[in-house]
Amino acid sequence: MTKKTKKKSWFKRQVVKVQVLPWYWKMVATVVIFFAGGTLGTQLFTEADDVSMIGGFILLVVVLWFLIQMWLPAPEE
């Protein structure tokens with residue numbers, strides 16, 4: 001039997017590329033993403049519109065998830 005190879009999604013490949021960066025580039029990217037994503041997410045979260053509030057919350061969660069994923073070690077293949 002042949003083994004099927006599972007193709008990784010584009011987003012997961014990009015996360016792995018970020019995980020292999022040196023620590024100093026990760027630090028620069030963390031500061032930029034934290035302030036840009038946090039500012040935009042907080043601004044949306046404090047809007048009067050319910051859709052904007054939900055979008056801001058989702059953006060904050062995605063930014064936090066990405067920052068955590070960025071600092072995890074890259075998987076060995």
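**Exercise 1. Find where D49 sits, and decide whether D49 is buried, partly exposed or exposed.**

Solution. Start with the secondary structure: D49 belongs to the loop between helix 2 and helix 3, where helices are DSSP runs of H or I with at least four residues, numbered from the N terminus. This is a predicted model, in which local features need pLDDT of at least 70, side-chain atom pairs count only at pLDDT 80 or more, and totals for chains, interfaces and linings use all residues. Residues are numbered from 1 along each chain as its sequence is written, and side-chain values use heavy atoms, with hydrogens and water left out.

Next, take the accessibility. D49 has a relative accessible area of 43%, so D49 is partly exposed (buried means under 20%, exposed over 50%, partly exposed in between, with a 1.4 Å probe and protein chains only). Finally, look back to Y24: 25 residues separate Y24 and D49 in sequence, and their C-alpha atoms are 39 Å apart.

**Exercise 2. Describe how helix 2 and helix 3 pack.**

Solution. Two packed helices are described by the angle between their axes and the distance between the axes. For helix 2 (residues 23–45) and helix 3 (residues 50–71), the angle is about 170 degrees and the axes are 8 Å apart. Helix 2 and helix 3 are therefore roughly antiparallel. Now sort the residues of this contact: 17 are nonpolar, 7 polar and 1 charged.

**Exercise 3. K26 is a lysine in helix 2: is K26 buried or exposed, and what surrounds K26?**

Solution. The relative accessible area of K26 is 8%, so K26 is buried. Beyond the neighbours within four places in sequence, K26 is in contact with V18, Q19, L21, M70, W71 and L72. To finish, look at M70 in that list: the backbone oxygen of M70 lies 3.3 Å from a polar atom of the K26 side chain.

Notes: Axes are lines fitted to C-alpha atoms, for helices over the stretch in contact, and angles run from 0 to 180 degrees between N-to-C directions. Helices (H or I, at least four residues) and strands (E, at least two) are DSSP runs, numbered from the N terminus. Angles under 35 degrees count as roughly parallel, over 145 as roughly antiparallel, 65 to 115 as roughly perpendicular and the rest as oblique. Ala, Val, Leu, Ile, Met, Phe, Trp, Tyr, Cys and Pro count as nonpolar, Asp, Glu, Lys and Arg as charged, and the others, Gly among them, as polar. A polar contact is a pair of N or O atoms within 3.5 Å; within protein, one must be able to donate a hydrogen and the other to accept it, and residues adjacent in sequence count only if both atoms are side-chain atoms. Contact means heavy atoms within 4.5 Å.
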